[in-house]
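Here is a short report on aromatic pairs. Look at the structure before reading on.

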Amino acid sequence: TCFQHKRTLNAEMSWGIELWDQYDTIATHTQKGIDFCERFTHFLKDRCSIELKYASELKKLVKNYQPKKERRGRLSTV
C-alpha cells in the first residue's frame, strides 16, 4: 500500500540525500523535545513536593487520632 511504501522511504532516509536541507526543522523538533522534558521534570518535582507535604500531614492526622495509653494501661480516645 501507499502507507507502507511511505514508511519504507522514511526508514531509509539519510542525512546526505533526503535531510540535507532539513537542519532547521530537525533542530526545532529536537529543541521542542528538550523543552518538553524540562517542563515535565519541573512538573514532577512540584508534584513530588506536594505529595510529600500531603503524606506528612496525613501522618500527623493519624498520630493525633490514635488511641492514647493511660498510666494504668487503659486506653482512652481523643
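## Terms of exposure

A residue is buried under 20% relative accessible area, exposed over 50% and partly exposed in between. Phe43 has 45% relative accessibility, so Phe43 counts as partly exposed. The model discussed here is predicted.

## The pairs

How many aromatic pairs does a search of the whole structure find? The search finds two. In one of them, Phe36 and Phe40 are stacked. Their ring centres lie 5.9 Å apart, with 10° between the planes.

Both Phe36 and Phe40 belong to helix α2, which covers residues 23-65. Four residues separate Phe36 from Phe40, about one turn of the helix.

Phe40 also pairs with Phe43, and this pair is stacked too. Here the distance is 6.1 Å centre to centre, and the planes are 20° apart.

## The cluster and its exposure

Ring pairs join Phe36, Phe40 and Phe43 into a cluster. Are its members buried or exposed? Phe36 has a relative accessible area of 53%, so Phe36 is exposed. Phe40 stands at 40% relative accessibility and is therefore partly exposed. Phe43, at 45%, is partly exposed.

Definitions and conventions
Residues numbered from 1 in each chain as written. Predicted model: local features only at pLDDT ≥ 70, side-chain atom pairs only at ≥ 80, totals over all residues. Heavy atoms only, no water. Phe/Tyr/Trp six-rings, centres within 6.5 Å; stacked < 30°, edge-to-face > 60°. Helix = DSSP H or I, 4+ residues; strand = E, 2+ residues; numbered from the N terminus. Buried < 20%, exposed > 50% of the residue type's maximum accessible area, 1.4 Å probe, protein only.
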